[in-house]
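Q: I would like to go through this structure with you, moving from topic to topic. Could you take the questions as they come?

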Amino acid sequence: MLFRILLTLALGTAVANSAPTATAQPQARFVSLRECIELALTRNLDIQISRLNADMMGYSLTGAYVPYVPVLSFMARHDFVSQPGDVDPQKFNMDQPYELNTDQLGPSLTGQLPIGLGYAFNAYTREENMRTDFRGTPADAAFFKPDGIRRTNNYYSEARLDLTQHLLKDSWIDAERQTIQLRRKGLKMSEQAFRFQIMKTVLAVELNYYDLVSAREMVKVQQEALKFRQQFLKETRRRVELGDLPPLDAEQAETQLQITLTALSAAREALASQENTLKSLITDDFNAWVDIDLIPADPLAVVRTEVNREESVRSALNTRPDLKEARLAVEQKAVIVRYRKNQLFPTLDVVGRYGGLGVASAPGPSTDQAKDLHDPTYFYGAVLSVPLTLAAERGNYRASKAAKEIAELQLKKAEQDVLWQVIDHINRVAARLDRVTSTRKARAYAASALAAEEKKLDAGLTTSFVVLELQQILTRAATAEVEAISDYNRMLAQLAFEDGTILEKTRIDVQAK
């Protein structure tokens with residue numbers, strides 16, 4: 001069975017082959033969050049690996065049906081026997097030497113059914129040519145003139161059907177049926193694993209995209225702070241030259257300028273690192289993106305989202321692929337328990353055969369006799385086999401039950417972990433939204449305070465130290481606002497992942513065929 005995954009994006013665009021060609025000079029590329037997700041769906045290596053794993057499980061399931069494929073064979077055989085003369089004391093005459101040529105050919109069809117029934121249909125035609133030499137006993141040789149050789153030729157035909165049906169052991173489940181059921185579950189598990197990998201990749205892209213936007217905003221904050229520091233240093237030096245301010249103020253302004261340059265360098269380093277992280281998620285050819293500067297086309301925004309705890313919990317328990325995979329793992333263990341329990345029974349098989357024989361001096365009549373069941377042959381009966389000890393089978397059965405209990409506990413733990421993660425992230429969403437509101441107000445107040453203090457400095461009513469301090473406060477407030485908005489968006493994405501709705505919210509449809 002070939003397993004294929006179809007990814008349908010509601011607003012998708014053809015971006016699978018849109019990876020830019022690496023050039024010597026860095027070039028800017030504006031990318032939206034939607035475009036990054038689409039690139040990841042077609043180019044992410046983890047998704048490609050997971051898709052191939054699902055395909056392999058489909059092929060493996062197809063192979064599990066091989067035991068039920070009938071086997072058609074055709075046999076053609078020639079035998080030759082040269083038997084020398086022999087003396088048997090209990091016989092009046094010696095056994096004459098002979099040569100026997102036997103030619104046999106015929107088809108056979110064998111196989112088994114999923115109900116534990118084995119069948120074999122066999123048919124053959126055999127020709128026997130015997131040359132018996134009576135020349136050692138002249139009295140007998142006289143009956144076979146002129147050379148004392150008796151030549152006989154006969155044709156034998158047979159057609160029969162053999163059946164074997166398991167009644168206890170290997171009846172309702174056997175090794176072949178166990179394999180098929182396990183691989184069916186395994187295929188479904190691989191589908192859920194593939195879906196979960198898509199969810200994880202989409203989440204990673206979304207989080208890293210917000211981090212990239214935040215990193216660029218951080219660079220802008222530091223650049224704005226640097227502009228303040230440069231202007232302030234220039235004004236401070238002018239006033240020191242005029243004698244309005246002491247030289248120490250210029251040194252303090254220079255110190256703050258260098259600190260800001262250090263912070264700007266660190267922000268640019270973080271931005272470059274974040275770009276590389278996002279590139280690694282959206283392409284399978286990182287080298288083609290090395291000289292590309294990713295510029296987010298979507299700004300940081302705050303979209304207030306209403307969260308319903310009951311709906312999120314219900315959605316998580318019903319739609320999370322990892323929970324579905326864990327439930328399938330329990331079902332897999334149940335199949336093994338069922339098989340191991342069946343192996344505790346003795347073997348009781350009903351066996352039978354029915355067919356026809358044909359013997360004639362020509363091939364046609366012999367085959368007609370066998371086909372018409374002119375001379376039928378049959379048997380039926382039962383075979384009971386009871387092992388003297390079942391120690392190994394009992395041990396395997398108990399071990400399979402223990403493995404099933406472990407899988408059930410792992411499922412319960414996974415469900416519990418998902419529940420507390422959903423509830424925890426719901427609480428965090430509300431907290432992060434409050435933080436956005438407070439940091440916005442703090443940044444606005446800091447900007448107003450700085451503007452007022454700069455006017456006082458121009459009027460000689462304050463000191464440059466106070467202005468520098470307020471500039472630092474504004475920078476910290478702006479940084480906190482960017483972090484708060486980014487964290488809020490990250491937390492919404494994380495909550496959508498935890499409650500299993502991230503693919504729905506990003507308009508991605510995953511279908512297995």
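Q: To begin, in which strand does L161 lie?
A: This is a predicted model. In it, L161 belongs to strand 6, which covers residues 149-166.

Q: Which residues form a nonpolar patch on the surface with L161?
A: The patch consists of L72, L109, F121, L161 and L163. Together they have about 430 Å² of accessible area.

Q: Turning to pockets, what is the volume of the largest one?
A: The volume of the largest pocket is about 750 Å³.

Q: How many residues line the largest pocket, and which lie nearest its centre?
A: There are 30 lining residues, and E206, Y210, T305, L492 and K505 are the ones nearest the centre. Two or more lining residues come from each of helix 1 (33-43), helix 4 (175-242), helix 6 (309-319), helix 10 (464-498) and helix 11 (502-505).

Q: Which helix gives the most to that lining?
A: Helix 10 does, with five residues.

Q: And what is the make-up of the lining of the largest pocket by class?
A: It has 15 nonpolar residues, eight charged and seven polar.

Q: What about the second largest pocket, what is its volume?
A: The second largest pocket has a volume of about 250 Å³. It is lined by 14 residues, with E217, V221, A478, E481 and V482 the closest to its centre.

Q: How does the lining of the second largest pocket divide by class?
A: Eight of its residues are nonpolar, four are charged and two are polar.

Q: Changing topic, how many salt bridges are found in the whole structure?
A: The search finds 28.

Q: Take R29 and E35: what is the N to O distance in their salt bridge?
A: The distance is 2.4 Å.

Q: And why does R29 count as buried?
A: Its relative accessibility is 15%, so R29 falls under the 20% limit for a buried residue. E35 also counts as buried, at 17% relative accessibility.

Q: Which residue does D133 meet in a salt bridge?
A: D133 meets R135, with 3.0 Å from N to O. D133 counts as buried at 17% relative accessibility, whereas R135 is exposed, with a relative accessible area of 51%.

Q: What about D174 and R177, are they buried or exposed?
A: Both are buried, and their side chains form a salt bridge of 3.2 Å, N to O.

Q: One last topic: where does L281 lie, in terms of helices?
A: L281 is part of helix 5, which runs over residues 247-282. L281 is buried, with a relative accessible area of 15%.

Q: How many residues along the chain lie between L281 and N44, and what separates their C-alpha atoms?
A: L281 and N44 are 237 residues apart along the chain, and their C-alpha atoms are separated by 5.7 Å.

Technical notes
Residues numbered from 1 in each chain as written. Predicted model: local features only at pLDDT ≥ 70, side-chain atom pairs only at ≥ 80, totals over all residues. Heavy atoms only, no water. 1 Å grid on protein atoms, 1.4 Å probe; cavity = no way out; pocket = protein on both sides within 12 Å on 5 of 7 lines; lining within 4 Å. Points joined across faces, edges and corners; volume = space filled by probe spheres on them. Helix = DSSP H or I, 4+ residues; strand = E, 2+ residues; numbered from the N terminus. Nonpolar A, V, L, I, M, F, W, Y, C, P; charged D, E, K, R; others polar. Patch = residues over 30% accessible without salt bridge, like charges linked within 9 Å, V, L, I, M, F, W, Y side chains within 5 Å. Areas by Shrake-Rupley, 256 points an atom, 1.4 Å probe, with all protein chains shown as cover. Salt bridge = Lys/Arg side-chain N within 4 Å of Asp/Glu carboxyl O. Buried < 20%, exposed > 50% of the residue type's maximum accessible area, 1.4 Å probe, protein only.
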